[in-house]
Amino acid sequence: MKKKTVVLGITGSIAAYKAADLASRLVKQGLDVDVVMTAAAQQFINPLTLQAITHRPVVTAMFTLHSAMAVEHIALAERAALLLIAPATANIIAKIAHGFADDMLSSTALATRAPIVIAPAMNTQMYENTVTQANIAKLEERGMTFVGPGEGRLACGTSGRGRLTELDEIMQAALLALNPRQDLLGKKVVITAGGTEEPIDPVRFITNRSSGKMGYALAKAAVARGATVDLISAPTSLPAPVGINLVPVRTAKEMHAAVLKHTLGCDALIMAAAVADYTVADPAIHKIKKSGEKLVLELSRTTDILGTVQGNFLKIGFAAESRDLVFHAREKLEQKDLDLIIANDITAPGSGFNVDTNQVTLLHRFGQSEALPLMTKEALAHIILDRVKALWP
Ligand SMILES: Cc1cc2nc3c(=O)[nH]c(=O)nc-3n(C[C@H](O)[C@H](O)[C@H](O)COP(=O)(O)O)c2cc1C
């Protein structure tokens, strides 16, 4: 799936420095972030900072010879899935309300069809001035979303309404505007991800090739659609998705304990983790030294988490198979009493561990099976959540 582009407009407020943190959070969310700074904004924060954070050129002027943006002055407007202006001055709000297009940010606001979210920041009198209030009302009427401002101490030394609101709140408004589908609101979903590590001694362990990508994609998709998500994750190299409760675990035993704890009161458990079936029976306390030609490790069975966990929630599993895919997956579904199983043939090109795509067959409890084409793990995550949603009473 193509990444969505957020155009982040930064204007000349003392709160402009906070936009650097905001840009970083948007990037961590997996979004492409194109920053547009007004001339006044550049008095408060250096464009280089934003460029380093977003790894993309920052637009600072409408008429520059070496900028591709100069040729296509509405390119950003067309590319944007969201225009987020934070902090927004009284000046930019007035300009947008009256259709001005005398710089790149106001032109983008006028030309885009994307949703616009505005986080104002200004002195209390400026904010409460009837002209600012009328401008805000006008823009709200046109469908733009205002988030904040908050109350508190302002840079001008006074206290009152006008502070740039908390970044968490701005992120929430931005994600909601990007994902208007909030169809999982009020649901609690527990997702497991990654490959567990079973220690052999203090420096070695047995693990598997799971990257955690499928579980993380599910967690991000569920959060974007309004669910509360606990992501129980074995070690991965993936950044923690924003807005989820990340529960780090290492071994199959730790994952089992975390699943029992976090599934209390949940609506669905989706086990995308590759949990070890066997663990080292008696891991060495000290590093095992080289000796002899052979070393025998005794392994013992771990608890079958999905097969034993009980509760009033949907149970969804994954079956990674290298042969007789549907047969083995159906057997697993029945043995573990699952509502849905996602069967993937790990030998198929573009499928399985450590790739960004997956080709799977969904097997339902009452016999239907659905063979899906090759797609990104993000797109698959949304389809799985659609099916889970349909199963809730
Ligand atoms: C130190 C300082 C802080 C300012 N802070 C704000 C502010 O928080 N909000 C605001 O609306 N204007 C603020 N202004 C005024 C704007 O920078 C000014 O109106 C500017 O023309 C806005 O341009 P822009 O909307 O194109 O960024 C501040 C000015 C100065 C000198």
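Colleague: What is Ala174 in contact with, leaving aside its neighbours within four places in sequence?

Modeller: Ala174 is in contact with Val6, Leu82, Leu84 and Val117, once neighbours within four places are set aside. Contact here means C-beta atoms, placed from the backbone, within 7 Å. Two caveats on the source. This is a predicted model: local features need pLDDT of at least 70, side-chain atom pairs count only at pLDDT 80 or more, and totals for chains, interfaces and linings use all residues. Residues are numbered from 1 along each chain as its sequence is written.

Colleague: Which residues have the most contacts inside the largest nonpolar core?

Modeller: Ala174 is one of them, and Leu8, Val35, Ile191, Leu218 and Ala222 are also listed. That core has 109 residues. Helix H11 (residues 213-224) gives the most to this core, nine residues. The core draws at least three residues from each of domain 1 (5-178) and domain 2 (188-391).

Colleague: How are you defining core and helix?

Modeller: A nonpolar core is a set of buried Ala, Val, Leu, Ile, Met, Phe, Trp, Tyr and Cys residues joined through C-beta atoms within 7 Å. Buried means 20 or more other C-beta atoms within 10 Å of the residue's own, exposed means 12 or fewer, and partly exposed is in between; C-beta atoms are placed from the backbone. Helices (H or I, at least four residues) and strands (E, at least two) are DSSP runs, numbered from the N terminus. In soluble globular proteins, nonpolar side chains tend to be buried together.

Colleague: And the domains, how far apart are their centres?

Modeller: The centres of domain 1 and domain 2 are 40 Å apart, taken over C-alpha atoms. Six residues of domain 1 are in contact with four of domain 2. On the domain 1 side, helix H1 (18-28) and helix H10 (167-178) are the elements giving two or more residues. That side divides into two nonpolar, two polar and two charged residues. The bounds come from an automatic or database domain assignment.

Colleague: Back to Val6. What stands opposite Val6 in S2?

Modeller: Val33 does. Strand S1 (residues 5-10) and S2 pair in the parallel sense over six bridges. Pairing needs at least two DSSP bridges between two strands. Five strands form an open sheet, in the order S2-S1-S3-S4-S5, with parallel pairing. Strand S2 (32-37) and strand S5 (145-146) are the edges, each pairing on one side only.

Colleague: Switching to the ligand. Which residues come nearest?

Modeller: Thr11, Gly12, Ser13, Thr38 and Thr89, out of 15 residues around the ligand. The cut-off for being near is a C-beta atom, placed from the backbone, within 6 Å. Helix H6 (residues 90-97) supplies the largest share of the shell, three residues.

Colleague: How does the shell divide into nonpolar, polar and charged?

Modeller: Nine nonpolar, six polar and no charged. Ala, Val, Leu, Ile, Met, Phe, Trp, Tyr, Cys and Pro count as nonpolar, Asp, Glu, Lys and Arg as charged, and the others, Gly among them, as polar.

Colleague: Last one. Is Ala281 buried or exposed?

Modeller: Ala281 is exposed, because 10 other C-beta atoms lie within 10 Å. Ala281 lies in the loop between strand S14 (278-280) and strand S15 (299-301). Leaving aside neighbours within four places in sequence, Ala281 is in contact with Glu298, Leu299 and Ser300.

Key
Two residues are in contact if their C-beta atoms, placed from the backbone, lie within 7 Å.
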